[in-house]
Amino acid sequence: MEDIQTNTATRQTELGELPESWQVVKLGDVADYNLGRTPPRNEIKFWENGNFPWVSIADMKDNRIIFNTKEKVTNEAIKKCFKGKFSTKGTLLMSFKLTIGKTAFLGIDAVHNEAIVSLYPTHHLDKMFLYYYLPIVNYSNYIDKAIKGYTLNKSKIANLKIPLPPLSEQKKIAYVLSTAQEAIEKTQKTIDALKELKKSMMKHLFTYGPVSLQDTDKIDLKDTEIGKMPKEWEVVRLGEVAETYTGGTPSRSNKS
């Protein structure tokens with residue numbers, strides 16, 4: 001793959017040192033956005049037997065693409081609270097209250113709450129580039145200390161400064177990061193599978209001993225207070241077969 005950045009000349013900006021060909025722009029100048037809302041909880045007609053996905057930050061927690069939501073709202077809520085408007089499949093979402101800068105894509109048409117904003121980049125801004133950039137922004141200069149934690153507001157979202165490389169470079173950066181993320185996800189799946197295998201092996205070994213799965217029917221088991229185990233095994237107290245020692249924390253007030 002060709003180099004992401006061939007021009008090494010840089011300049012100092014409010015976002016730090018950037019390549020000369022990159023601009024610094026306000027998010028509101030290169031993307032449209034819509035805020036969400038939460039239908040009144042005391043209105044049963046908005047929630048009971050709902051079948052339209054309603055996204056909260058909890059649905060974004062571990063998901064790159066959201067295909068389902070924990071809660072759903074009714075057609076009445078869609079008409080009265082959302083004026084019949086959905087965020088469509090493929091829309092980029094960002095959280096901006098409490099958990100700020102979390103991003104995800106919609107894999108379905110959905111609505112969302114007031115802690116999330118739907119982002120619609122113009123043709124100058126690549127959606128995948130924005131997806132990877134927003135989580136690493138330093139929001140400390142933008143956040144308001146709300147009663148329940150930190151939050152942005154509508155005007156601060158619009159005024160959020162972001163770097164804007166040439167579109168071709170945005171796409172290359174997004175491609176590299178996407179490739180890395182896919183590798184991480186595949187590695188994590190392998191790690192998770194190995195953890196499950198280890199748990200299964202431990203359960204087998206601590207129940208039947210070091211025998212193969214084919215030979216488990218040859219092992220005579222007995223019931224004990226800690227579960228089934230081979231008849232020749234014993235149950236003992238840890239203190240009978242091992243010495244134990246506890247640690248301590250030195251006094252933090254005594255500097256010597």
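Start by selecting Glu 196 and Lys 199 in this predicted model: their side chains meet in a salt bridge, with 3.6 Å from N to O. Colour the pair by accessibility next. Glu 196 comes out as partly exposed, at 48% relative accessibility, whereas Lys 199 reaches 52% and counts as exposed. The cut-off for exposed is over 50%, so the two residues of this pair land on either side of that line.

Stay on helix α6, which covers residues 167–208, and pick Lys 171. Which residue does the side chain of Lys 171 meet in a salt bridge? Select Asp 126 and you'll have the partner, at 3.3 Å from N to O. Asp 126 is in the loop between β11 (116–121) and α4 (127–133), while Lys 171 belongs to α6, so this bridge ties together parts that are 45 residues apart in sequence. Is Asp 126 buried or exposed? Asp 126 is buried, at 13% relative accessible area. Lys 171, on the other hand, is partly exposed at 45%.

For the next stop, select Lys 228 and Asp 223. Here the side chains form a salt bridge with an N to O distance of 2.8 Å. Lys 228 is partly exposed, with 47% relative accessibility, and Asp 223 is exposed, with 60%.

Note on methods: Residues are numbered from 1 along each chain as its sequence is written. This is a predicted model: local features need pLDDT of at least 70, side-chain atom pairs count only at pLDDT 80 or more; totals for chains, interfaces and linings use all residues. Side-chain values use heavy atoms; hydrogens and water are left out. A salt bridge is a side-chain nitrogen of Lys or Arg within 4 Å of a carboxyl oxygen of Asp or Glu. Helices (H or I, at least four residues) and strands (E, at least two) are DSSP runs, numbered from the N terminus. Buried means under 20% relative accessible area, exposed over 50%, partly exposed in between (1.4 Å probe, protein chains only).
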